[in-house]
Amino acid sequence: MSQPLNNNETVKVVHINKRGKNENDGNNDDDDDDDDDDYDYEKHLIVVKFHQFSKVKCQRLTEKYSPVFGCGGVRWKFMLKFSKNDAQWVGCCYSPQRYLVGMYLYLDEASWLLDEEYSVKYTASIPKLGITNTTREHTFCLGKNTNRGWNEYTTMKQVLDRGLDDDILSIHIKFDQLEHICKRWTSSLSFNKERLKMLRTEAHTDITFVVGSSDQQQRIKANTRQLLLGAPAM
């Protein structure tokens, strides 16, 4: 869900652990993701709201993920990590008071993003605590580097004492940089040379593209497997 602001900025709200009609306690109960992937990321703020924060059951390591949301033509999700910092065992779980709270931005897994690279720098803040941190420029690449954040952003005690509003932890995420790294295609590689040869000789072609109109129309033959290798989203 996106909400317009008076200063030409738009807020996208993403919920974690929000109870719906089915009273489900899962991580992704309420997905407010929409398809506004083409917006200007510099004018948008992502607000991640973690509901029922005080009721989170911490084990030695607990992770909670947001639903997937779009930004800059890319699919993302946000993760909160609760890690033990000399916490004491109470009943069936550890006391949350001495837990560390970490947070990470993840590149969502999608086959068409494989090997695609994005240069990202973002700022995360918890307004209620007055904490703001900005990452250094980082290259996200599915299958290699898929996340960036902080292992020790704050403590559970700080959040429980003064960081909640109606038992909701609100985290603001702002992209300071989000650029798609275009890899330059070169014919110097042997694999690409073979692809060029197939295109020129029309070897193993099984599809024809008709380009242009009237007397300037041109027919270009190609191979579907080679096309899918170069453009898997087709």
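How many helices and strands does the secondary structure of the protein chain come to?

## Overall make-up

The protein chain has 3 helices and 16 strands, where helices (H or I, at least four residues) and strands (E, at least two) are DSSP runs numbered from the N terminus. This is a predicted model, in which local features need pLDDT of at least 70 and side-chain atom pairs count only at pLDDT 80 or more, while totals for chains, interfaces and linings use all residues. Residues are numbered from 1 along each chain as its sequence is written, and side-chain values use heavy atoms, with hydrogens and water left out.

Of the 234 residues of the chain, 39% are buried (under 20% relative accessible area, with exposed over 50% and partly exposed in between; 1.4 Å probe, protein chains only). The chain exposes about 14000 Å², and carbon and sulfur atoms supply 46% of that area; accessible areas come from the Shrake-Rupley method with a 1.4 Å probe, and for residues only the protein chains shown count as cover. Among contacts (heavy atoms within 4.5 Å) with a separation of 6 or more, 62% are between residues 24 or more positions apart.

## Confidence

The mean pLDDT (the predictor's confidence in each residue, from 0 to 100) is 75 for the protein chain, and 67% of its residues reach 70 or more. Confidence is highest in strand 11 (residues 131-134), at a mean of 96, and lowest in strand 1 (residues 2-4), at 39. Over residues 1-7 the pLDDT is below 50, and this stretch has 17 contacts in the model beyond near neighbours in sequence.

Residues 21-39 also stay under 50, with 47 contacts beyond four places in sequence. Where pLDDT is low, the predicted coordinates should not be read in detail.

The model has 1 salt bridge, defined as a side-chain nitrogen of Lys or Arg within 4 Å of a carboxyl oxygen of Asp or Glu. Lys157 and Asp161 form this salt bridge, their closest N and O atoms lying 3.1 Å apart. The two residues are 4 apart in helix 1 (residues 156-162), which means that about one helical turn separates them. Lys157 is partly exposed, at 43% relative accessibility.

## Lys81

Lys81 lies in strand 6 (residues 74-83). Lys81 is buried but has no salt bridge, and the nearest side chain of opposite charge is Glu63, 5.6 Å away. Here Lys and Arg count as positive and Asp and Glu as negative, while His and the chain ends are not counted.

The side chains of Lys81 and Asn151 are joined by a polar contact of 2.4 Å. A polar contact is a pair of N or O atoms within 3.5 Å; within protein, one must be able to donate a hydrogen and the other to accept it, and residues adjacent in sequence count only if both atoms are side-chain atoms. Leaving aside residues up to four places away in sequence, Lys81 touches several residues, including Leu61, Thr62, Leu100 and Tyr104.
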